[in-house]
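Trainee: Could we go through this structure together, starting with its surface?

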Amino acid sequence: MSIAPGSAWIGDDEKIEGPTDGPVSIAVIDQNLYEGQAESWDRGGKVGSAHGVFVLTPNGRALTTITLEFQDGSTLVAAGSLPFDSTIGDGVLAVTGRTGKLVNAHARLRVEVSNPKKYINGP
C-alpha cells in the first residue's frame, strides 16, 4: 500500500443508504477501497474499506465523517464539510486521526466523488 503524498485510493462497490428527505437527512456510505492512480483512475488491488456518514444541511453542505480502514491495520479518520447539491461534491476534509503506517500522513484528505474514466461510456 502506498501512503506517499499524492496517493490515490479509489472507493468502489459502494453502498450508500439515504438521503431521501433532502436537507437535514443522513446518508451512510460503506465501500471497498482499491489502490489507484489519480492521473489515470486505474484501479489496483483491494487495500481496505471506507465507512462514513454525511449529514445534509439546509445551506447546501454535507457535514462529513469518514474512516478509511486498511488491510494492514492502518486507519485514517477525516471530517469536515463538503458541498451538496442533490449529490455530494468534491472537497477537502481535515484528517482528525491516523494509525499504523498512516501516523505521519498529511493533515488533509482530498475527496473526489466521481471517477471520470469509469463513466466515459456510461455508468
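Trainee: Which residues make the nonpolar surface patch?

Mentor: Ile26, Val28, Val53, Val55 and Leu63 make a nonpolar surface patch of about 370 Å². Patches are made of residues with over 30% relative accessible area and no salt bridge, where like charges are joined within 9 Å and nonpolar side chains (Val, Leu, Ile, Met, Phe, Trp, Tyr) within 5 Å. Accessible areas come from the Shrake-Rupley method with a 1.4 Å probe, and for residues only the protein chains shown count as cover. This is a predicted model, in which local features need pLDDT of at least 70 and side-chain atom pairs count only at pLDDT 80 or more, while totals for chains, interfaces and linings use all residues. Residues are numbered from 1 along each chain as its sequence is written, and side-chain values use heavy atoms, with hydrogens and water left out.

Trainee: Which strands each supply at least two residues of that patch?

Mentor: Those are β2 and β3. Strands (E, at least two residues) and helices (H or I, at least four) are DSSP runs, numbered from the N terminus.

Trainee: And Val53, where is that found?

Mentor: Val53 is found in strand β3, and with a relative accessible area of 35% this residue is partly exposed. Buried means under 20% relative accessible area, exposed means over 50%, and partly exposed is in between (1.4 Å probe, protein chains only).

Trainee: How many helices and strands does the chain have?

Mentor: The secondary structure comes to zero helices and seven strands, and from the N terminus on the elements run β-β-β-β-β-β-β. Of the 123 residues of the chain, 33% count as buried, and the accessible surface comes to about 7,300 Å², of which 53% belongs to carbon and sulfur atoms.

Trainee: On to the inside, then. Which residues touch the most other members of the largest nonpolar core?

Mentor: Phe54, Ile66, Leu68, Leu76, Ile88 and Leu109 do, in a core of 22 residues. A nonpolar core is a set of buried Ala, Val, Leu, Ile, Met, Phe, Trp, Tyr and Cys residues joined through side-chain atoms within 4.5 Å. Two or more residues of this core come from each of β2 (26-36), β3 (43-56), β4, β5, β6 and β7.

Trainee: What does Thr64 touch?

Mentor: Not counting residues up to four places away in sequence, Thr64 touches Val53, Phe54, Ala78, Ala79, Gly80, Leu82 and Leu93, where contact means heavy atoms within 4.5 Å. Thr64 has its place in strand β4 and is buried, with a relative accessible area of 3%. Thr64 and Ala27 are 37 residues apart in sequence, and 9.5 Å separates them in space, C-alpha to C-alpha.

Trainee: Is Gly91 buried or exposed?

Mentor: Gly91 counts as buried, at 18% relative accessibility, and lies in strand β6. Leaving aside neighbours within four places in sequence, Gly91 is in contact with Leu82, Leu109, Arg110 and Val111.

Trainee: New topic: how many salt bridges does the count come to?

Mentor: The count comes to one salt bridge, a term for a side-chain nitrogen of Lys or Arg within 4 Å of a carboxyl oxygen of Asp or Glu. The side chains of Lys101 and Asp72 meet in this salt bridge, at 4.0 Å from N to O. Lys101 lies in the loop between β6 (91-98) and β7 (108-111) and Asp72 in the loop between β4 (61-70) and β5 (75-83), so the pair ties together parts that are 29 residues apart in sequence.

Trainee: What are the relative accessible areas of Lys101 and Asp72?

Mentor: Lys101 is exposed, with a relative accessible area of 55%, while Asp72 is partly exposed, at 40%. Leu102 is also found in the loop between β6 and β7, yet Leu102 is buried, with a relative accessible area of 1%. Between Leu102 and Leu76 there are 6.9 Å in space, C-alpha to C-alpha, although they are 26 residues apart in sequence.
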